[in-house]
Amino acid sequence: MVAVTARQRGSLNVLDAFPASIAQLPATELADALGGPTLFDLREPDTPPLFVSVLLHGNETSGWDAVRRLVGEISAASLLLFVGNVEAARRGTRSIPGGLDFNRVWEGGDTPEAAIADEVTAFAAAARPYLAVDVHNNTGDNPPYAVVTDTCRRTLSVARAFARRALLTAQPEGFLSRRFADFCTAVTVEVGMPQDAGSTERAASFLSRLLTSPAAPDDDPADLALFETTARVLLTRGAVIEPSAQRFNFRAAPAGTALTRSGPLVAEDASGDDVTDAYLAHENGAMVLKRNTHVAMYTGSEESARLDCLCYLLQPFSGQRRG
C-alpha cells in the first residue's frame, strides 16, 4: 500500500495525495500498491474540481499511462482522480474473471462493484465537479471520439475539444458518464486502441489541457460530427466475427456488409427491444446489413464482443442540439 493518508470508505480507498512513486508504476502493478479501487482527493480549497476516471476496464491502459506523464499538472490542479479496476489491470483483462464490468454498475445494484460506484458517485456529487471525463480505449480500429448523453452546448464543446466525432447514446445502462451527467457535465473519451502509442498521446494532450485550465473547454461544436445510436449488436453463441468490418467504424457500411463470417447476431434498441429484423439479415450463413448503416465500435476481439457487444449501429443525429 502507498504511504499516504488514506480514508477508508467501505471497500473504496480515498487518498489525499498523489505520490510521484505511484506514477512510476504500470497499470499491472497498481493492485499491489493501492490495494483496490482508489479515489485520489486532490481538491484545492474553494475551487471546483475536475473529475477524471481511468482503468474502469483493466486492459484499457492509455488513460493511466497519460496520468503518469502529468504529475506536474496534477499537483497544481483541483482534481478528483478515480483509478478503477486495478485487479483487472493486474491481469490485463477488461474485468476480473467472474466479476462485473466496472463501467456497467454506475446506476445501482447489489454487487461489490456497484457499491464502490455508489461511493465514488456520492463523493463526487458532494464535491460538485465542473466536469467529469472517463478515459477509455477501444478494442477495435476506431478514430478518436467522445461519448455524450445530452446535446447541451457545454457538453458538445467538451466533446469537440477532444475529437471531431461524438456519439450520443443512452445504452447500455450503468456507464459512468451517464450517471455523472445527473450532476455535472460528463463525457467519455475513446482514445484508440491501447497498443497504439498515439492513444496515450491523445489522452495526455487532452487531460493536460483540462488540468491547466480553470474551466471546461468552450470549443465551438458547430463542426462536430454527432451520431446517435440506434441499436447495440450482440454476438450469439457460435457466431464468428468478421474483423474486416472494423474498416467501417464511423462510416456508412453498405447494405450487404457482413458483420459475421458465420452465425447469427441480435440487435437491441435503447429499450432492450429486439430490432434485429430491421437491420440484419442472413446471407450464406453470415449476418449482413440490410441497408446502408453507420457502424461504430466494431471490435476485432471476439472475447471483447462476448463480454460486451460486437458493435453499435448509428445514424447522424437529426434532432435539435440544445443551447
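**Close-up views of a predicted model**

**View 1. An aromatic cluster.** Phe 51, Phe 82, Phe 102, Trp 106, Phe 180 and Phe 183 form a cluster linked by ring pairs. The structure shown is a predicted model. Its aromatic pairs number 11. A pair of aromatic rings is described by two things: the distance of the centres and the angle of the planes.

**View 2. Phe 82 and Trp 106, an edge-to-face pair.** The ring centres of Phe 82 and Trp 106 lie 6.0 Å apart. Their planes stand at 80°. Planes over 60 degrees apart count as edge-to-face, so the pair of Phe 82 and Trp 106 is edge-to-face. This pair links distant parts of the chain, as its partners are 24 residues apart. Phe 82 belongs to strand S5 (residues 79–83). Trp 106 sits in the loop between helix H5 (86–91) and helix H6 (112–127). Is Phe 82 buried or exposed? Phe 82 has 0% relative accessibility, so it counts as buried. Trp 106 also has 0% relative accessibility and counts as buried.

**View 3. Phe 180 and Phe 183, a tilted pair.** Here the ring centres are 4.9 Å apart. The planes of Phe 180 and Phe 183 meet at 45°, so this pair is tilted. Phe 180 is buried, at 0% relative accessibility. Phe 183 is partly exposed, because its relative accessible area is 29%.

**View 4. The largest nonpolar core.** This core holds 54 residues. Which residues have the most contacts inside it? They are Phe 18, Leu 30, Trp 64 and Val 83. Helix H9 (residues 197–211) gives the most to this core: six residues.

**View 5. The surroundings of Phe 18.** Residues up to four places away in sequence are not counted here. Phe 18 touches Ala 23, Phe 40 and Leu 42, among others. Its list of contacts also includes Trp 64, Val 67 and Val 71. Ile 74 and Leu 81 touch Phe 18 as well.

**View 6. Thr 276 and its contacts.** Thr 276 lies in helix H10 (residues 276–279). Thr 276 has a relative accessible area of 8%, so it is buried. What does the side chain of Thr 276 reach? It reaches the backbone nitrogen of Ala 267, at 2.9 Å. Leaving aside neighbours within four places in sequence, Thr 276 is in contact with Ala 267, Leu 265, Val 266 and Met 287.

Technical notes: Residues numbered from 1 in each chain as written. Predicted model: local features only at pLDDT ≥ 70, side-chain atom pairs only at ≥ 80, totals over all residues. Heavy atoms only, no water. Core = buried A, V, L, I, M, F, W, Y, C linked by side-chain atoms within 4.5 Å. Buried < 20%, exposed > 50% of the residue type's maximum accessible area, 1.4 Å probe, protein only. Helix = DSSP H or I, 4+ residues; strand = E, 2+ residues; numbered from the N terminus. Contact = heavy atoms within 4.5 Å. Phe/Tyr/Trp six-rings, centres within 6.5 Å; stacked < 30°, edge-to-face > 60°. Polar contact = N/O pair within 3.5 Å; in protein donor to acceptor, adjacent residues only side chain to side chain.
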